[in-house]
Amino acid sequence: MGTARVRSFSEIEAAFVEYVQQTVYCTMVTVDRHNRPRARVVQPVWETVEERPVGWLAVFRTPVKAAHLARNPHTTYAYWHPRQDAVFVDSVSAWVHDRDTKLRAWELYRRNSPPGVGYDPHLYWSAGPDSPDYHLLRIDPWRVQVLRGSDLSSRIWAADPPPHP
């Protein structure tokens with residue numbers, strides 16, 4: 001039991017992918033205008049870009065989620081599996097409006113990234129990636145913790161956190 005800091009995301013990437021695959025859904029936490037947390041269940045897809053994790057979250061742009069992110073883009077995504085394996089991702093989440101990026105994320109969902117995580121987005125947006133209610137969040141983690149339930153060992157990768165807006 002204990003916590004170890006790692007220098008590179010690659011040192012925890014395999015555990016990150018394994019725990020995300022076994023859990024699939026996670027809890028996204030935002031903060032309201034009174035600094036109170038708000039949680040909802042979501043299913044991001046993930047990839048590694050330039051040795052850092054990047055997440056993509058296809059969503060409906062609800063007024064609450066939009067207001068929270070406009071005020072404070074800092075978010076946490078928490079995965080928990082009954083074996084007590086967990087992943088905690090502290091990040092900044094931002095709306096993506098670029099069509100090419102939205103299409104690329106759409107394909108990551110369709111192909112399952114990582115394998116086993118994703119779905120056919122046509123289930124929610126029948127008009128495809130150009131659906132007016134298909135919105136995308138880019139998740140840029142600055143801290144990722146993986147916790148192994150069998151012995152409660154924890155490893156943390158962290159970059160410099162972005163400043164609070």
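Biologist: Before we start, what does buried mean here, in terms of relative accessible area?

Modeller: Buried means under 20% relative accessible area, and by that cut-off both Phe9 and Trp157 are buried in this predicted model.

Biologist: How are the rings of Phe9 and Trp157 arranged?

Modeller: Their centres are 5.9 Å apart and their planes stand at 70°, and because an angle over 60 degrees counts as edge-to-face, that is the label this pair receives. The pair links distant parts of the chain, with Phe9 in the loop between β1 (2–6) and α1 and Trp157 in strand β9, 148 residues apart.

Biologist: And what about Trp106 and Trp125, buried or exposed?

Modeller: Trp106 and Trp125 are both buried, and they form an aromatic pair that is tilted, with 6.4 Å centre to centre and 55° between the planes. Since Trp106 belongs to helix α3 (residues 99–111) and Trp125 to the loop between α3 and β8, the pair ties together parts that are 19 residues apart in sequence.

Biologist: Which aromatic cluster do they belong to?

Modeller: Trp106 and Trp125 are in one aromatic cluster together with Phe60, Tyr109, Tyr119, Tyr124 and Tyr134. A search of the whole structure finds 10 aromatic pairs.

Biologist: Changing topic, which residues of helix α1 are buried?

Modeller: In α1, which spans residues 13–23, the buried residues are Ala15, Phe16, Tyr19, Val20 and Thr23. They cover an arc of only 125° around the axis, which puts them on the same side of α1.

Biologist: What follows α1 in the chain?

Modeller: Val24 comes next, and its phi is positive, near 70°.

Biologist: What volume does the largest pocket have, and which residues are closest to its centre?

Modeller: The volume of the largest pocket is about 280 Å³, and of the 15 residues that line it, Val41, Val42, Ala58, Tyr119 and Tyr124 are the closest to its centre. Strands β3 (37–42) and β5 (52–59) each supply at least two residues of that lining, while Tyr119 and Tyr124 are also members of the aromatic cluster.

Biologist: Last one: where does the charged end of Arg61 sit?

Modeller: The charged end of Arg61 sits over the ring of Trp95, at 4.2 Å from the centre of that ring.

Methods
Residues are numbered from 1 along each chain as its sequence is written. This is a predicted model: local features need pLDDT of at least 70, side-chain atom pairs count only at pLDDT 80 or more; totals for chains, interfaces and linings use all residues. Side-chain values use heavy atoms; hydrogens and water are left out. Buried means under 20% relative accessible area, exposed over 50%, partly exposed in between (1.4 Å probe, protein chains only). Helices (H or I, at least four residues) and strands (E, at least two) are DSSP runs, numbered from the N terminus. The arc is that of the directions from the helix axis to the C-beta atoms. Rings of Phe, Tyr and Trp (its six-membered ring) pair if their centres lie within 6.5 Å; planes under 30 degrees apart count as stacked, over 60 as edge-to-face and the rest as tilted. A charge sits over a ring if NZ of Lys or CZ of Arg is within 6 Å of the ring centre and within 35 degrees of the ring normal. On a 1 Å grid over the protein atoms alone, a cavity is a set of points where a 1.4 Å probe fits but cannot get out, and a pocket is an open set with protein on both sides within 12 Å along at least five of seven lines; lining residues have an atom within 4 Å of a point. Grid points are joined across faces, edges and corners, and a volume is the space filled by probe spheres set on the points.
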